[in-house]
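Please keep the sequence and the model open while reading.

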Amino acid sequence: MGERDLAVVPRPGHGARRGARVFAAGSVGMGSAMPERWFRQAVIYCLDVDTFQDSNGDGIGDLGGLIDRLDHLARLGVTCIWLNPIHPSPDRDDGYDITDFYAVHPQLGSLGDFVELIHQAGNRGIRVMIDLVVNHTSDEHPWFRSACSDPGSPYRGWYVWSKDEPSDLHQGMVFPGYQDSTWTFSEEAGAWYYHRFYDFQPDLNMSNPRVRQEIEKIIGFWLQLGVAGFRLDAAPFVIEITIPDEPNPRQDFSWLDDFHDQLSWRRGDAVILAEANVEPEQLLEYFGGGHRLPMLFNFILNQRTFLALARREVGPILQALAETPTVPDTCQWATFLRNHDEVDLGRLAGHEHDEVFAAFGPEPKMQLYGRGIRRRLAPMLDNDIKRLEMAYALQFSLPGTPVIRYGDEIGMGENLRLPERNAIRTPMQWSNERHAGFSTARRKSDLRRPVISGGTFGYETVNVEDQQRDPSSLLGWFQRTLLTLRECPEFGVGTCSYVDTGQRSVLALLREAPSGTVLALTNLADDAATIDLGHLSAEHGDPVEVYADAAYPALGDELDRIEIGPYGYRWIRLRRTIGDRAGSANQR
Ligand code: MG
């Protein structure tokens with residue numbers, strides 16, 4: 001992969017003469033067949049039910065509240081919501097410590113409320129995905145309680161044990177600095193148990209076929225309730241075969257084939273979106289030629305995009321695209337700028353990592369686990385709305401399905417007084433009313449987490465209601481942009497090639513699909529630029545501006561003098577196949 005995917009073909013005449021080059025690329029993303037899949041033209045919105053909207057005044061967001069806010073999501077233009085864990089949990093890791101995979105946390109509602117959510121979302125054309133957190137359970141899960149209390153328990157073999165103290169117990173922690181070991185001794189069980197994450201999250205033993213059968217049952221259960229798919233938490237650890245004193249555990253990818261089979265037999269168009277922040281050469285194993293996981297987050301692109309934003313140069317993005325393997329025809333990348341975790345910069349080189357820290361998270365309190373930044377995007381970009389819009393326009397033009405995080409559509413900030421990743425998990429800011437309109441709870445202390453109040457990012461200043469009335473707001477921009485994105489299927493399904501603009505700060509991507517070709521330009525710097533892409537006009541006629549950050553002079557047919565403003569972006573349609581979209585829509 002790499003060079004083959006983003007080959008460099010200089011434009012005729014390039015060299016001594018000034019001018020642009022064409023990087024005629026193979027496809028970054030897909031092959032030529034480009035089958036239609038809903039998740040390749042989706043906009044996914046990630047939210048935590050307990051911080052989104054409270055409907056009963058107990059201070060905790062719930063499914064009823066989410067149903068009440070579906071119109072906001074429909075108006076925003078999202079087509080799928082991904083819910084962070086909704087199951088019963090002691091909530092020591094924000095719900096990622098589960099005590100019952102077949103129920104909804106009573107504070108969030110009931111299974112009846114969940115089915116009502118699926119129905120109401122469906123009425124608005126919105127699918128629902130949930131988190132599938134099966135690497136581990138809570139240590140309060142009845143399976144683990146039984147396993148600890150009785151060596152003869154049928155659940156003993158559902159977890160990973162060592163009778164002797166493992167030599168590698170201080171290795172492989174997911175939360176360095178906040179987690180001391182990966183093995184903990186249980187007095188009750190008289191043995192050491194394994195936990196990739198915190199000690200209250202014992203790992204399930206995936207080598208045990210009964211555990212895998214149970215996971216398939218969990219998948220089947222939620223599919224039957226109507227979910228469109230799952231976001232698979234910690235995929236690399238799920239498939240790991242853990243043996244005490246084995247520092248390099250083997251992974252069994254065939255389990256992913258089984259999960260995929262279960263998924264597709266039960267619901268043909270269901271999707272698993274996996275979290276696998278691994279080396280590029282391992283990524284294709286997760287796709288498995290299209291018969292394992294259909295969708296992966298592109299962590300490499302995320303990290304290099306932050307480096308590119310910090311440098312105001314496109315180089316790191318091009319490097320990421322070159323490193324990104326070509327996915328099978330039926331698969332897709334998911335792009336993101338911010339998610340519910342820290343910005344993980346662990347795959348950048350030391351000096352690159354330092355550059356991003358210096359630009360976006362210079363203070364120690366902004367940093368986390370020695371590898372990341374626990375901030376929202378708006379404060380990282382100094383609340384510069386032009387730059388924020390450019391960053392999202394950039395994300396939307398890159399290969400993959402965009403995933404956005406609740407609150408980012410209004411430019412919410414973080415609360416660094418909250419521990420670890422909770423800094424970016426504060427309640428949604430709906431209005432300038434008390435508790436940001438999130439809850440009618442009587443006391444502040446009843447709220448799931450404090451609402452951000454006062455200052456640049458307080459709910460008094462940053463909220464949905466005010467921005468809804470203001471077309472020039474970030475929310476207004478998101479609504480217009482996501483509508484435009486849905487009119488340009490090339491961004492979801494098209495191949496991606498890079499065109500050299502001769503400017504280090506201006507990215508030019510050609511997105512080509514059966515429906516047409518779109519040229520996406522993004523200026524990462526705050527200086528205006530003029531670029532010459534005249535060589536493209538020979539292949540394409542009648543360029544039409546689809547979307548841009550400002551009113552630019554009309555495009556000539558020659559494309560030899562394209563202006564782009566500071567932090568500007570322009571989406572220009574170079575070719576449109578009339579009737580093709582109607583034909584392909586029928587294939588869905
Ligand atoms: Mg509530």
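## Helix packing and aromatic pairs

Thr481 lies in helix H15. Helices (H or I, at least four residues) and strands (E, at least two) are DSSP runs, numbered from the N terminus. The model is predicted: local features need pLDDT of at least 70, side-chain atom pairs count only at pLDDT 80 or more, and totals for chains, interfaces and linings use all residues. Residues are numbered from 1 along each chain as its sequence is written, and side-chain values use heavy atoms, with hydrogens and water left out.

Is Thr481 buried or exposed? Thr481 has a relative accessible area of 0%, so it is buried. Buried means under 20% relative accessible area, exposed over 50%, and partly exposed in between (1.4 Å probe, protein chains only). Which residues does Thr481 touch, not counting residues up to four places away in sequence? They are Phe396, Tyr547 and Trp571. Contact here means heavy atoms within 4.5 Å.

### H13 against H15

Helix H15 spans residues 474-487 and packs on helix H13, residues 385-397. The angle is about 20° and the axes are 11 Å apart. Axes are lines fitted to C-alpha atoms, for helices over the stretch in contact, and angles run from 0 to 180 degrees between N-to-C directions. H13 and H15 are therefore roughly parallel to each other. The cut-offs are under 35 degrees for roughly parallel, over 145 for roughly antiparallel and 65 to 115 for roughly perpendicular, with the rest oblique.

The crossing of H13 and H15 is right-handed. A crossing is right-handed if the near helix is turned clockwise from the far one by less than a right angle, and left-handed if anticlockwise. H13 contributes Ile385, Leu388, Glu389, Tyr392, Ala393 and Phe396 to the contact, and H15 contributes Leu474, Trp477, Phe478, Thr481, Leu482 and Leu485. By class, the contact of H13 with H15 has 10 nonpolar residues, one polar and one charged. Ala, Val, Leu, Ile, Met, Phe, Trp, Tyr, Cys and Pro count as nonpolar, Asp, Glu, Lys and Arg as charged, and the others, Gly among them, as polar.

### H5 against H7

Helix H5 (residues 209-224) packs on helix H7 (residues 254-266) at about 30°, with axes 10 Å apart. H5 and H7 are therefore roughly parallel to each other. This crossing of H5 and H7 is right-handed. From H5 come Arg212, Ile215, Glu216, Ile219, Gly220, Leu223 and Gln224; from H7 come Trp255, Asp258, Phe259, Gln262, Leu263 and Arg266. The contact of H5 with H7 divides into six nonpolar, three polar and four charged residues.

### Aromatic pairs

Rings of Phe, Tyr and Trp (its six-membered ring) pair if their centres lie within 6.5 Å; planes under 30 degrees apart count as stacked, over 60 as edge-to-face and the rest as tilted. The count comes to 35 aromatic pairs. Two of them are tabulated.

| Pair | Centre distance | Plane angle | Class |
|---|---|---|---|
| Phe144 and Tyr159 | 4.8 Å | 70° | edge-to-face |
| Phe297 and Phe299 | 6.2 Å | 65° | edge-to-face |

Phe144 sits in helix H4 (residues 142-149) and Tyr159 in the loop between H4 and strand E5 (161-162), so their pair ties together parts 15 residues apart in sequence. Phe144 is buried at 2% relative accessibility. Tyr159 is buried, with a relative accessible area of 2%. In the other pair, Phe297 is buried at 5%, and Phe299 is buried at 10%.

### Single residues

Most residues other than glycine have a negative phi. Asp91 has a positive phi, near 60°. Asp91 is in the loop between strand E3 (80-83) and helix H3 (111-123), and is partly exposed at 25% relative accessibility. Asn383 also has a positive phi, about 55°, although it is not a glycine. Asn383 falls in the loop between helix H12 (377-380) and H13. Its relative accessible area is 32%, so Asn383 is partly exposed.

Ala359 belongs to helix H11 (residues 350-360) and is partly exposed, with a relative accessible area of 36%. Leaving aside neighbours within four places in sequence, Ala359 is in contact with Ala310 and Met380. Ala359 and Met380 are 21 residues apart in sequence, and 8.0 Å apart in space, C-alpha to C-alpha.
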